[in-house]
Amino acid sequence: MIKESLFTTSMGMLMAVSAEAAPAVELAPDTVLQSAARVTAEGAIQQAEDDASDFTFTESQLDEDMDAAQTVSSVGSSSGNLYLSEVGFTWSSMRFRVRALDNQYQTSYLNGLAFNDLEMGRFNYSLLGGMNDATRNKESVTANEFNTFGITGVGGGSNIKLRASRFQQGQKFTLSACNRNYKYRAIYTFGTGQLLNGWSFGGTVAYRGASEGVIEGTFYNSLSYLITAEKQLGDHALSFVTFGAPTERAQQGASTEEAYWLANSHYYNPNWGYQDGKKRNARVVNDFEPTGMLTWDWNISDESQLSTTLGYKYSMYSSTALSFAGEAYDPRPDYYKNLPSSVFNVYDEDINNATYLTGNAFLLEQYNMMKDYWTSAKANRQIQWDRLYYINRQSDATGGEALYYQERRHNDQQVWALSSTLNHSLSAHQRLNAGIQLNATKGMHYKTMADLLGATRFTDIDKFAAGDYGMSSPVAQSDLRHPNRQIGVDDRFGYDYETMVNMEQLWAQYQYSIGAQTINVQGHLTGTQMQRNGLMQNGQAQVTDENGTVHDLSYGKSGWATFLGGAVKAQYAYRNANNRFSLSAMYEKKAPLVRNAFVAPRIQNNYVDNLTLEDIYMIDGNWQLRLGDLVGTVSGYYIGMRNQVEQTAFFNDAYSAFTYLTMSNVDKEHYGVELALEYSILSNLSVHCMGTWNQALYTNNPFAQLNTQGMSARDNARVNVWTNPVTGDREKLRVAADGMHVGSTPLTAVNVGAEYSVNGYFLEVNLNWFDRVYCGFSQYRRLTNIMENYTNTSINSDGLPVYGVSEESIRENGAVLWDSSTGEVKRIYGAEQEKFHPGFMLDASVGKYIRLPHSRSISINLQVQNLTNNTNLRTGGYEQNRDDNYYNSYGTGDGSKGLAKAYKFSRNSKYYYANAVNAFLNINYRW
Amino acid sequence: MKKLHLNIKSSYLSLMAVALSSSMLMTSCYDDLDDPDTSDYAANLQVSDSLPAANITLRDLKLKYCSNNGKVERPATYTYSRNTSNWETRIDEDLIVEGVICANDGRFGCLYQMLLLRCIDPTTGDDQGIDVEVKNTCLYPLYPVGQRIRINLNGLYVGAYSRVPRIGYPYYTSSGNHNLGPIPLQMFMDHVQLIGEPDTTVAECKCIDRTGAEGDAWIRASANKVVTNYPTIATVRGVFLEADGVATLANDSLEDAGYGVNRTLKLLSNNSTMIVRTNTGNEVSHIVMPKDTVELSGLFSYDSYDDKWQLNLRDTTDFKIIKQ
């Protein structure tokens, strides 16, 4: 049940409560703003009286997927950092990310082989899904700690050891039941230990499943396996491991608060609907990444060990999505035109009042009709699959093509990787570790037709481009080499390209310890090469030069972009009986990710502007203490990032097309403090607390580059224009990101809890408080040619420029303020970023360990999260990439803003909520 | 000893194999549904109970609510009127109209959010049409051409938009104007009944022939500019004054506030002209205007602002070049 509603109908009046917003915008003292309400652009051409932007599809779908993958498990620390060892698990329900860092800043190794995806930068945890018992044996370190396996990112790293000899000897069977993404789980794991003939074997097989997960319309279907064998041959050991987790799962989609209110649940899922009375989800992920690794360990001497691993992975990842042809009505049930608040501006007090709505009864009648439709039957607020089939069949019967279809977007990947690591003790006080990492990754990106939904015909052209340029225009062709190709189920269409990334790294770590003091220095030199290979010749990437010659920017290879990066790290630590102090620093020059490197990778080979090595630097101080029965850790850190490139991809409603927005020269800062304490009151009773305060900000207004699919190169150039209103000059397009927070993770979190054990029973209670979770900000809404630009209208008596815009308007919409005398930008303000309400979550777990004869045991554990059933805790969300205004010159926009829409996208971000009360019952039998 | 080791290995591997195979059995595909039977789906697009027979003709409806007794003027009474060209009256009784859909948005979306309802009286031959606005960008598969429908106007609005007779629902434009606009689709479904199967061979689906000298004369005659003569579907002939063999019917650089472009068609047998209006962003808009004579079919209506007849093409097939 939703306790607070945004939109309540009472006596004919609708009240709208705005979401809480942080005072992120501090207006500069050297400008004067009129208190008048917002001022619209002068000379705006009157727009069409109907909203012609019906051809709308989706939000940040790519990022939506990424959000799900970003949650960071505990980094851990070899030095016994209490905070890092607890934080990942304790706050996982809120998708907490340590230091607000993306997964890409942690480096994950398997048997010494770096396994972060070179395209995305991230380690895919689902690679090891269900293999909990097989992957417990790992070494985790913070960013600058000395370790045996390699260089880690600014977020630290870990090395999971999958050698058979490291598997715990014996067998274990686990049965689990829960009400989360999946509902039941079974795991069988065995380890032989080293047999007399030198062989060791280990393995695990698991199944996780739910015909319907805790979120309605989702399902989960996953098998996991891991088999490993090792043979000891004197000083050598050869180990082979193969694993994979073929998984099919249906996704939850975020929605707006209004949709949640209408559905009376914060767990409303717009991704599914009834098909012939059965639930069908439009967004289904299939993921299988079979991996094999061969490891050779050579114990050269007591002082030296060499470990070499060759790995191969072939990843098959796809996700489906519902799509539609240009003229069809958007099939999303929560498409904004289906929502009551699209009828009139519910946030405008001049409209949303009894007097006005009585005088305009048709508005309220329509509002209530739409509201009643949403609330009268569940099927009304879900995808109407039967209708989509009916429409397609009607179209088919008259010779038409599929108006709706389900496409499958593939992101396959082949990886060859090699590592070799030498661990060498120079003396009792000195250790040297060094090695190489080589990686050759090929990403294969394309989409196929998953389901024509009752239709029989589909031509591979861009339906939106066909509307703007004509079906016979080359711009409409997905592949000029195969124009107007007919597409059937499983055929590739739309886009098809490869990305190749090669990485070579040389690294070394040196540690010197004497007495209580330890110093370590580390460094690496890393070469990265990347290129794109287009397998289709997209009609939108044909550029005509001044001589009339047409250049293809789509088919074939882009040419290699090469980067030579590296890092230096150092740590000083002092340890005595009860304390350990450490101070560390690092500086890294890091190659950009290939996923951010191309202007529009689905279409063309062009690299983004300002693509360069990123600069990352950090300092970190840590104190670990033991004072009697009190143990704890305190840390402070600062991380600076400069010259980064970030790309988002989304369906741009304004231009009815898939759009890439790339920011370059991005600067960010992360800093904060972390604390964890544990006090043992009795030998079997302890209390603990943990807290962190982080700041994670964008600190500049980066350059921006837009590329919209379905537009010719000429028109794409037009949407990148930002004109100086004083001089008329063309300016470099920017995003007003300065001051925006990294979103979708709590920047403040506090935990207090207690643990008690008696007679084999274990009890733990944790109360958590989360705050400063920010909504992911829309870069598109903050583009300097999307925001209002103001030139000062006068100079006041103090000599300050006066602008015809209110502070309130700037907070809500952002603004670019120009100085009429100099023709320069005075200030750029991004629209204020939404901060979610803070909240508590109470978790508890109880367990029992039963020792049986013959080294057998049973353990039972019940964990309950969110005992108080707090269903109002937002874990994340994102602003819709659409602003509140129509545009002049629809389709190829000249950038000028038109009139306001009734529906306010700026007030309707999409949110995810933490799970309601949920339980996880685990029963282990070990023998 | 060696044999024992092998036994241990085989025992583990057997367990693995059993677990793996049983898990694979459980891992059947969840995302596998049969295609639905939609043969009766049309029942979801209309009222659940049958509507009574029509109790008002389109002619009487237009005379009463859409004109000043036939003149292209605002009627004496109405619920709301923004100006002399736009007005509406809310219907609060069970007025039932009936007709055949003779034009809709079509596969290219040329006619935005509209159905053209037409009814030819089998007895008198009286031929009337009215614009029914429905809020959806893809009406043609739901309410195809040739489909006879009945609409209960109770709760809907009848009036005119730019003096063109219309059944719709009021709304505010982005510029703040109160106009008679589209009926929300769900509301329309609660007011409409489908009668029989679509049949494009019926008389209502045939364009009125306004070609030739007789047609040109009809178009030229001022007396014909009465609401009982429009909107309908018709065929005309002429030459484009803007034709240069390169220019298209519509493009973004020429579009007006209504996302459309007006072109001038000069009739063949007299000097009269009429408007050919085309929305941008659809296949028809990309048709190059030839210097030759063209025969055009489509939505035939009256543009009171320019005091000219206006034609909107529905599809590329509505455009024919007549070689001289």
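Mentor: Start with the rule: two strands pair if DSSP finds at least two bridges between them. A strand is itself a DSSP run (E, at least two residues), numbered from the N terminus. This is a predicted model, where local features need pLDDT of at least 70, side-chain atom pairs count only at pLDDT 80 or more, and totals for chains, interfaces and linings use all residues. Residues are numbered from 1 along each chain as its sequence is written, while chains are lettered from A and ligands numbered from 1 in the order in which they are written.

Take the open sheet in chain A. Its 4 strands run in the order β5-β4-β7-β6. The pairing is mixed. At the edges sit β5 (113–114) and β6 (138–141) of chain A, each pairing on one side only. The partner of β5(A) is β4(A), residues 107–110. These strands pair in the antiparallel sense, over 2 bridges. In one of them, A:Y109 has A:A114 of β5(A) as its bridge partner.

Now move along chain A to a hairpin. β32(A) and β33(A) form it, with 2 residues between them. β32(A) covers residues 657–682, and β33(A) covers residues 685–698. They run antiparallel, joined by 14 bridges. Look for A:V673: it stands opposite A:W693 in β33(A).

β33(A) also pairs with β37(A), residues 746–758. That pairing is antiparallel too, over 9 bridges. To find it, go to A:M690, whose bridge partner in β37(A) is A:N751.
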